[in-house]
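I opened the model today and kept notes as I went. The entries are in the order of my looking.

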Amino acid sequence: MKYFLAIIGGGPAGYTAAEKASKAGKDVVLFEQNALGGTCLNVGCIPTKSLLYGAKQYYNATHAQKYGVTAEGVAFDFGAMQKRKTIVVRKLVAGIKQRLNNEHCTVVNGAAKVCPVSPQGEECCYSVEANGECYEAENLMICTGSTNFVPPIPGIKDNPNVWDSTDALAATELPKSVIIVGGGVIGLEFATLYHELGVEVTVIEAMPTILPNLDQEVVTVLLEKYKKAGIKILTSTKVESLDGGKVTANGEVYEAERVLVSVGRRANLQGLEELKEIELERGAVKVDEFCKTNLPNVYACGDVTGKVMLAHVASRQAEVAVGRMLKEIPLQRIVYHAIPSVVYTNPEIASVGLTEKQTEEMSLPVEVRKLPMTFSGRFMAENEGETGLCKVIIDRRSQTVVGVHCIGNPCSEFIAAASFAVRNGYTLPEMKQVVFPHPTVSEILHEIL
Ligand code: NAD
């Protein structure tokens with residue numbers, strides 16, 4: 001049998017593509033060597049958010065006095081938190097399996113390898129091998145994701161004290177102290193989890209600031225809170241070597257029970273060796289605006305494209321790629337500049353669109369409006385002692401909203417409203433006509449205009 005589409009990788013990119021193409025009546029085969037759901041569901045977004053929620057419950061209970069509540073004897077059971085996390089993950093993975101079953105998509109549980117490509121005349125045909133069997137397809141989609149990057153730091157390899165995010169998520173016991181190498185998204189989310197559960201945390205970041213790609217005024221709010229709370233954050237500090245739990249950085253030695261290394265992820269190109277002609281860019285598969293590679297009928301979506309390593313980007317890329325494959329009219333494209341992102345620290349950071357720095361680099365004349373979150377009544381009611389910040393960046397010439405950056409709970413839940421504005425190029429007068437429900441923290445987006 002010849003399939004319409006063979007997909008390697010069953011993460012958010014792979015399963016979204018499989019579902020969409022199957023729904024359109026096409027024969028699809030999807031290969032996954034681990035559990036369906038990929039990094040996001042199994043060792044990324046969902047398990048971290050499950051654990052972070054448990055930690056937040058404990059932290060809030062022990063810090064409830066400011067709301068007039070005293071809770072005594074509050075304790076947590078990390079093993080129970082882990083068990084709950086596993087149940088959440090299992091249910092979601094089962095849900096994806098069910099959805100693909102419902103669409104009659106063939107799912108092969110095994111490591112897939114693209115077979116040598118032989119010229120087939122006019123028609124494209126790719127062959128993929130898994131579990132000793134060969135599967136042929138007209139279109140091929142690479143959704144192989146990414147893996148944790150291990151930097152070439154002496155003493156890091158085979159060091160039993162070193163964890164990556166997957167090890168940290170699997171651990172059944174909490175360390176007493178942890179050094180986190182890399183103050184990016186993963187580093188700060190784990191710093192939040194560990195700090196809220198009473199672990200001594202040190203973050204070491206090579207750049208002059210943590211979360212270097214985000215709006216730095218927003219990041220400063222987090223930095224000040226975390227430093228005050230006792231999280232040690234070292235910036236402009238480069239790790240030189242490791243020896244067990246001892247980390248040498250900028251000539252100083254720091255020590256902890258565990259060292260969590262979170263210095264980025266790299267595209268996973270395993271199984272693609274036979275696609276010798278495929279074009280790569282900075283170690284990732286190069287794709288166009290429809291996620292097409294340079295090879296005929298070969299697409300790539302998700303982390304493997306090295307574009308923006310976010311699950312929601314992966315699934316959107318998959319929708320666009322399958323739309324292109326099916327020749328849907330009108331053809332859709334991805335608007336990368338309107339992709340929202342969230343960092344699940346406490347408080348959360350959420351943003352969409354251009355930062356002030358980016359507009360400066362582009363010489364785009366902008367007006368920046370900002371307000372502390374305390375302008376929202378609901379925020380005041382529920383966030384004792386917090387200030388928060390919301391910034392809206394407006395293109396001076398067109399009066400359109402080009403960026404929104406927030407810190408303050410629960411901004412992750414309303415950043416999508418800002419994404420609508422940035423995605424559709426809403427002008428200030430248009431935004432002003434939108435009614436926000438009262439009292440919600442989302443009203444800050446209206447207040448600021
Ligand atoms: P990252 O790129 O966000 O951060 C890595 C950090 O490590 C950078 O700030 C970098 O300067 C620093 N660094 C690099 N080498 C260093 C060294 N030798 N010493 C000290 N610091 C060093 O990468 P990440 O945090 O590993 O996350 C990987 C990917 O996963 C990212 O693309 C991220 O967006 C994604 N992710 C997203 C979420 C979310 O959306 N909430 C959560 C987790 C991960």
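**Ground rules**

The model is predicted, so I took local features only at pLDDT of at least 70 and side-chain atom pairs only at pLDDT 80 or more, while totals for chains, interfaces and linings use all residues. Numbering runs from 1 along each chain as its sequence is written, and side-chain values use heavy atoms, with hydrogens and water left out.

**Ligand site**

The shell has 21 residues, of which Ile-186, Glu-189, Glu-205, Gly-264 and Val-342 come nearest. By class I noted 14 nonpolar, four polar and three charged residues. Here Ala, Val, Leu, Ile, Met, Phe, Trp, Tyr, Cys and Pro count as nonpolar, Asp, Glu, Lys and Arg as charged, and the others, Gly among them, as polar.

Which element gives the most to the shell? Helix α6, residues 185-196, does, with three residues. Helices (H or I, at least four residues) and strands (E, at least two) are DSSP runs, numbered from the N terminus.

I then looked up polar atom distances to the ligand. A polar side-chain atom of Glu-205 is 2.6 Å from a ligand oxygen. For Glu-189, a polar side-chain atom lies 2.9 Å from a ligand nitrogen. Ile-186 uses its backbone: an N or O atom there is 2.9 Å from an oxygen of the ligand. Taken alone the ligand exposes 850 Å², and the protein buries 78% of that. The areas come from the Shrake-Rupley method with a 1.4 Å probe; for residues, only the protein chains shown count as cover.

Next I went to strand β24, residues 401-407. Seven of its seven residues are buried. Buried means under 20% relative accessible area, exposed over 50%, and partly exposed in between (1.4 Å probe, protein chains only).

I found β24 paired with two strands, a pair needing at least two DSSP bridges. Strand β21 (residues 349-353) runs antiparallel to β24 and is joined to it by five bridges. In that pairing Ile-349 stands opposite Ile-407. Strand β23 (residues 389-395) also pairs with β24 in the antiparallel sense, over six bridges. There the partner of Ile-393 is Gly-403.

The hairpin of β23 and β24 has five residues between the strands, and Gln-399 takes a positive phi near 60° in it. Gln-399 is not a glycine. Its relative accessibility is 29%, so I logged Gln-399 as partly exposed.

**Helix α1**

Does the length of α1 agree or disagree with its residue count? Helix α1 (residues 12-23) has twelve residues and should span 16 Å at 1.5 Å a residue; its end C-alpha atoms are 16 Å apart, so the two agree. The expected span is 1.5 Å times one less than the number of residues. Ten of the twelve residues in α1 are buried, including Pro-12, Tyr-15 and Glu-19.

**Single residues**

I checked Thr-48, which sits in helix α3 (residues 45-62). Thr-48 counts as buried because its relative accessibility is 9%. Its side chain reaches the backbone oxygen of Cys-45 at 2.9 Å and makes a polar contact with the side chain of Lys-49 at 3.0 Å. A polar contact is a pair of N or O atoms within 3.5 Å; within protein, one must be able to donate a hydrogen and the other to accept it, and residues adjacent in sequence count only if both atoms are side-chain atoms.

Val-150 lies in the loop between β7 (146-148) and β8 (162-163). At 51% relative accessibility, Val-150 counts as exposed. Its C-alpha atom is 7.7 Å from that of Val-261, although they are 111 residues apart along the chain.

I noted a cis peptide bond between Ile-329 and Pro-330, with omega about -5°. Pro-330 lies in the loop between α8 (311-325) and β20 (341-343). Another cis bond joins His-438 and Pro-439, omega again about -5°. Pro-439 is in the loop between α12 (428-432) and α13 (444-447).

Last, Cys-291 has a positive phi of about 65° although it is not a glycine. Cys-291 is in the loop between β18 (284-285) and β19 (298-300), and at 0% relative accessibility Cys-291 counts as buried.

Note on methods:
Near = heavy atom within 4 Å.
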